[in-house]
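Thanks for coming. I will go through one structure today, piece by piece, and give each term its cut-offs when it comes up.

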Amino acid sequence: MARIGVDVGGTNTDLVLECSKGTFFHKVPSTIKDQSIAVVDGIHQICDIAGIAKEDIDVINHGTTVATNITIEHNGAEVGMLTSRGFRDILHIGRHKRPHNFSLHFDVPWQSHPLVKRRNRIPITERILPPTGEVETALDEDEIREACALFRKRGIKSVCVGFMFSFLNDAHEKRAGEIVLEEMPGVYLSLSSQVANVIREYERFSTVAMNAFVGPQSAMYLRNLEQKVRDGGIPAKLRVIQSNGGISTIDGCAKKPVGILMSGPAGGVLGALSEARLAGTENILTVDIGGTSADISTIAGGDLRIKNPRDTLVSGHAVMAPMIDLETIGAGGGSIAYLDEAGGFNVGPRSAGSEPGPACYNRGGTEPTVTDAQVVLGRMDADKFLGGDLPLDSARSHKAIKEHIADPLGISVTDAALGIIKIVNNNMALTIRSNSVARGYDPREFSLMPFGGAGPFHGVALAELVSARDILVPIAPGITAAMGLLGSDLQYEHTRSVITNLFTADQAALDKVNAVVADLTGDGRSDLEGDEISEDLQVFEVIAEMRYHGQGFELRVPMPEGGLTMDNKAEVITAFHAAHKQDYGYSFDDALVELYNVRVIARASVRHLELAQLAKGSPEDVTSAFMYERETVFDDGQSHVTPRLDRGKLGAGARVEGPAIIIQHNSTTLVPPRYSAVVQDYGSLRLTKI
């Protein structure tokens, strides 16, 4: 049985293959116009490297940035929306929140880049009433048909439906959807009661609009990839990682692409957590630095965190989909350094990507990037990048930094390169603090785990900036996200609003909640059965999403096995108080507590990637790993003749004292003076101050 994990980044597509012959890693340049080309080419190449037939592959787990890139580039489908009369401007009004409270100059993304243009938001006569979901005004079907005629005239291929209180009664939305499909065969249809069947009209409307906005292109990509895999003679099942860290089918993700908006970054967090556990470390600050962006997350006690619904924003738009708690900023190897109109020195978020790429790639790029700075400082050897597969032109890096940064500022090229590194490191450090210190976590109790192709270059500097305990570099930093794809379980989530005051709830009210849980469990069971998962392997987790009466957003609390009863509801309330105190630092033990939503997570465990222990090293390992040495400039501006070591020749327990650069095909680890790196039992490197 062979399995492949494929993670598509802005610059490179990373692959990991696990088979009877061992574990193999590979990188190919991403094909931005059609990511599937690089994916299929990479699969063929890694099979050749491992010496196995492509027919031997059983499963391909894929992490993609297709949906994410659509939101960033604002190039999704033109969407038509049917909504309740009188509420067509909810998407424009939002929550009246200012992105920057004290600034007079800011962008409001839901207004400047609307998911649905106002002229395409068509009001429909209908009304469902809370709290029972009774129909006050019948659905006007003729208005829907008229709206469809208008959509056809405008060439709209994606339609969403968002009616008020449809989470209480979805009959009107379902009927509207039927009519849309009758009038517009082949249209991409999204219903809010199917995409986000929960309370809060703005967030629900925004989520279904986002699904419609990214849906056609995402579905086309996934279907195209599935077809190319088949055409390539690869019989494997194709799965996609979701934002919550679980994997799902092509069909499920094509229908509900809001679930894969954070697909790519999720794999990195899972891979990092897996390696941290092997190294006996439960508290980690993960920093995934690729060519375009850096994804940052905090893992405390070995448990993933899921974002609070108030924070699930994608490109400024509210999206009610479960996501691993991580932050993404425009800081990577391809981030462009520039001087703004006021002469300020900036790095990112604009990136050179893989096409044309950094100046040193010699593909037409002329602007200086973080990668060019690493080349100028002697940390990235031009003739050894990716094991020599991609020779770099150091003269072009020198020229780009000199012309764009050094000469205008009147400083040396070396100082300009150091400035680029310091700026990008400080940008990332600010985000690490906001994801850890601002959440009540002390970085001094955490190991910083840098990965991604560029991560280990920055690990020590970032750890010093945030005062992390030490640095833990994974065994294959540039492939960690792809490895995480082979460490995820099948997972489906179903949610429904069931607003219940737990203090006053009697058994009849609790029985209604339990009935909803049973319905959602049935939906999850159907999903798993569709994946041919036997009943004995199916696992269901029930979560209560709760809040204090009148509070803005809710927190997650596990529901008791067997459902809610009068005997155990007090335990649920107590658990909520504890969760609130953990997140906010206080709780109101005598306040009314409401059960807001119930969520059922249906899982099926699959075999995770297993790394073998390294053979025990010896004091001679460092000598035998020596390759050559070159002049290298470190963050303090000091230059040292620095040895290059082959990481593959370092056994468990081997100790490398800085200055040193440890090289492998997919990444390079910088060990500055006064630091040492010790190889752990499963191949990770732990860097500590001497």
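Ser-467 is partly exposed, at a relative accessible area of 41%. On this scale, buried means under 20% relative accessible area, exposed means over 50%, and partly exposed is in between, with a 1.4 Å probe and protein chains only. Ser-467 lies in the loop between α14 (455-466) and β21 (470-473). Helices (H or I, at least four residues) and strands (E, at least two) are DSSP runs, numbered from the N terminus.

Before going on, where this comes from. This is a predicted model, in which local features need pLDDT of at least 70 and side-chain atom pairs count only at pLDDT 80 or more, while totals for chains, interfaces and linings use all residues. Residues are numbered from 1 along each chain as its sequence is written, and side-chain values use heavy atoms, with hydrogens and water left out.

Back to the serine. Ser-467 has a positive phi of about 65°, although it is not a glycine. Most residues other than glycine have a negative phi, and most peptide bonds are trans. Ser-315 also has a positive phi, near 55°. Ser-315 sits in the loop between β15 (313-314) and β16 (317-318), and at 29% relative accessibility it counts as partly exposed.

Now the peptide bonds. The one from Gly-348 to Pro-349 is cis, with omega near 0°, and Pro-349 is found in strand β19 (residues 345-351). The bond from Gly-658 to Pro-659 is cis as well, with omega near 5°. Pro-659 lies in the loop between β28 (655-657) and β29.

That brings us to the sheet with β29 in it. What is the order of the strands in this open sheet? It has four strands, β26-β27-β29-β30, with mixed pairing. β26 (626-633) and β30 (667-671) stand at the edges with a single partner strand each, so one side of each has no neighbour in the sheet. From one strand to the next, the twist averages 25°; here axes are lines fitted to C-alpha atoms, for helices over the stretch in contact, and angles run from 0 to 180 degrees between N-to-C directions. Inside the sheet, β27 (residues 639-646) and β29 (residues 660-664) pair in the parallel sense over three bridges. Two strands pair if DSSP finds at least two bridges between them. Leu-645 has Ile-662 in β29 as its bridge partner.

Next, β13 (residues 284-289). Is this strand mostly covered or mostly open? Mostly covered: six of its six residues are buried. On one side these are Ile-284, Thr-286 and Asp-288, and on the other Leu-285, Val-287 and Ile-289. β13 pairs with β14 (residues 294-299) in the antiparallel sense over six bridges, and a hairpin of four residues joins the two. In that pairing, Leu-285 stands opposite Thr-298. β13 also runs parallel to β20 (residues 447-451), joined by five bridges, with Met-449 in β20 as the bridge partner of Thr-286.

β23 (residues 538-548) is mostly covered too, with eight of its eleven residues buried. β23 and β25 pair in the antiparallel sense over eleven bridges, and Val-542 has Val-600 in β25 as its bridge partner. Four bridges join β23 to β24 (residues 555-558), which run antiparallel; there Glu-545 stands opposite Arg-556. β23 and β24 form a hairpin with six residues between them, and Gly-550 in the turn has a positive phi of about 90°.

Now the cysteines. Cys-47 is buried, at 2% relative accessibility, and Cys-360 is buried at 0%.

One last residue. Lys-21 is found in the loop between β2 (12-19) and β3 (22-29). At 51% relative accessibility, Lys-21 counts as exposed. Lys-21 and Ala-50 are 29 residues apart in sequence, and 7.3 Å apart in space, C-alpha to C-alpha.
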